[in-house]
Amino acid sequence: MAERKEKFYLTTPIYYTNGLPHIGHTYTTVVADMIRRYKRMRGYEVVMTTGTDEHGVNVERAAKKAGIPESEYVAKMAETWRALWDELGIAADEFVRTTDLQHVRTVQWLFKLCRENGYVYKGHYTGLYCIFDNAFVNEPKPGNLCPDCDRPLETVTEENYFFKLSAFQKPLLDFYKKNPDFIQPEARRNEIIAFVEGGLRDLSITRTTVRWGIPVPGEEPHVFYVWFDALSAYLSAVGGPDFAKRGMWPADLHLVGKDIIRFHTVYWPAFLMAAMLPLPKQVWSHGWFLMDAAKMSKSKGNVVLPRPIVNMLGMDALRYFLLREVVFGQDGNFSYDALVTRYNSDLANGLGNLASRTAALIEKNFGGKIPKPGTYKPQDDALAKETQAAIGEVLERYEKMEFARALEAIWAVIALADKYLTSEQPWALGNSPEEQGRKGTILWTTSELLRIVTVLAHPVLPQSTEKIWTLLGQSGSVAAVPLDGLRWGQLSPGTQLGKAQTLFPRVDKNEAIERIEAMANEELNPAPAPTPAATPAHTPAAAGPGAAAAPAGIAQIGIDDFTKVEMRVGQVKTAERIVGADKLLKLTVDIGTEIRQICAGIAQFYEPDALVGRKVVVVANLAPRKLRGVESNGMIVAASVGPEGRPVLAGFLEDVEIGSRLK
Ligand code: ME8
């Protein structure tokens, strides 16, 4: 019988369904997907789990607001999350929903084990509770605000089942000591140890104030506290009570953001110890992706969405940026500017250019067949040596979760290849046998370097490395190349190159950012779907007597819809250009009740100075949004003239009072 491969089981958090995925969630999931691909290339049997956390008060409220039952609401949201991961090519092996039957069984079973072992008792609990974070809060901020999200806390008293967390202070501390790698990075480990050393209070693990949750069997109306429920998902994904059959538990790695490290390194191992189940091997907590140094939130209008970036630059560009830009474990700032700059420099001019340049030279000089190397010069040997050494370094960096350093090492090799080509100048060599031989050595060497770089970068750039693999005429998938067997010198001369591939077309930075932002604004503030009353004019119903014809293709709206738009007369107070955004002006506009900052795409047609004092029409109730990183609170109305859509500002022939509403 074939020997079973060593297993590796890793997880992302299971995400709340009362929001939509942004770049932060994408980050954790991309890292997990990258590790999953990397471990497979190192010969492991890998399972990666993600999913959705579907119970609790927030879901009850969101479903009510949407006017649908909770089950329907969560089913829709889970599908949205799953579909996004599919679309981004980061679909996990297991997608757990906490409303799955298998999961429900697992939670009830885990509770039964903890109870049978004497770690569960009934009591009362009164406390300040944050319904947004689903947690009782011990140290509220002044004004009884949640220390995490700054929102008001509610006083809640209820009969609960309690988990004897206090009994696990010593076992946990012993466990951390025996398993120094359990909590990563080091700084987080120290924080958690200090927290546990400070003493642990028992934890209420059921609720009677919540309806939408997993029932505690025979104890209704008790339902499980969301964290007891959610953490169990890692176990239910790989078999639940029958976990031994699948052979994946314990998890080798839980990837989490630093917001939820305590749940994963204190509560979760304590629940498992109480149930006498094996403990996960490692919890890795990464930092925040911040936008303008602030946490992302929809109300601030600073959420970064993955889809527009992927539509503009491709998934690999986003993956590369997320993994290259910040040290894994630390906070990092997200900026479109940095994203596009890296795309152009590292991907378009770096890897993409090396691949197409090498292929073009082989095409021209060797009819598209990888040449046989002739004799070697010291500079060829040096390049071979450096590349071979990079293999070891990159694998070590990946293994230590130093993804940015791994990519740095790969790109250092790409830079060496560029330098090598520039100094060896194969294009300047003639066709004598000697020069042809030299060209063969140079181009074989470059192709071999490219092959190695392609294999090493595959976990991060799965799509484009497959294309380069095909371009290099290699058979099968690059994903199937065992990393441990990767050596310099394995490229066979004579291999026919594959078809030319489009890898990373260079983009104009300003234009790319504007397009990404426009798509993001569209996704965050979608145009409302036409209501049934808004029948297009060309249908018989609307074309009957008395029906005013709207231009074909533009739906009619009722007066109710129109009155939703609040347009007011405003006066421009200041106007300035925005560095790096050719088309935008930043204006401050007095709309009677307040002064607003508004960005307008009119910079190519209006001089800032000429606008000051001018009266304009402002859409005052448009949701705030960011344009090129600048907040815009409203919109200036303009006609769009001619095929290029030249903006002409709407104005008045008579003097009008600032703040007057347009009706
Ligand atoms: O906490 N930067 O779900 P959640 C980096 N359901 N990562 C970020 C981020 C940011 N700005 N924002 C979010 C929950 N994340 C629970 C988890 S697990 C048993 C239950 C990532 O939807 C990061 O991984 O609030 C963080 O821990 C997670 O999303 C929180 O997702």
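1. A cavity, as the word is used in this note, is a set of grid points over the protein atoms alone where a 1.4 Å probe fits but cannot get out. The structure is a predicted model, and a search through the whole of it finds three cavities of 30 Å³ or more.

2. The largest cavity holds about 120 Å³ of space, and its lining is made up of Met291, Gly301, Asn302, Val303, Tyr336, Glu517, Ala520, Asn521, Leu524, Lys626 and Gly629. Helix 18, which spans residues 509-524, gives the most to this lining, with four residues, and by class the lining divides into five nonpolar, four polar and two charged residues.

3. The second largest cavity has about 60 Å³ of space and is lined by 12 residues, among which Gly56, Arg207, Val210, Phe224 and Val226 lie nearest its centre. Its lining comprises eight nonpolar, three polar and one charged residues.

4. Turning to the ligand, there are 22 residues around it, and Ile14, Thr28, Asp53, Asp259 and Phe289 come nearest. By class, this shell consists of 12 nonpolar, eight polar and two charged residues.

5. The side chain of Thr28 places an N or O atom 2.7 Å from an oxygen atom of the ligand, while an N or O atom in the side chain of Asp53 is 2.7 Å from a ligand nitrogen atom. From the backbone, an N or O atom of Gly257 lies 2.9 Å from an oxygen atom of the ligand. On its own the ligand has 670 Å² of accessible area, of which the protein covers 93%.

6. Two or more residues of the shell around the ligand come from each of strand 1 (7-16), helix 1 (23-41), helix 7 (226-231) and strand 11 (253-257), and strand 1 gives the most, with four residues.

Note on methods
Residues numbered from 1 in each chain as written. Predicted model: local features only at pLDDT ≥ 70, side-chain atom pairs only at ≥ 80, totals over all residues. Heavy atoms only, no water. Near = heavy atom within 4 Å. Polar contact = N/O pair within 3.5 Å; in protein donor to acceptor, adjacent residues only side chain to side chain. Areas by Shrake-Rupley, 256 points an atom, 1.4 Å probe, with all protein chains shown as cover. Nonpolar A, V, L, I, M, F, W, Y, C, P; charged D, E, K, R; others polar. 1 Å grid on protein atoms, 1.4 Å probe; cavity = no way out; pocket = protein on both sides within 12 Å on 5 of 7 lines; lining within 4 Å. Points joined across faces, edges and corners; volume = space filled by probe spheres on them.
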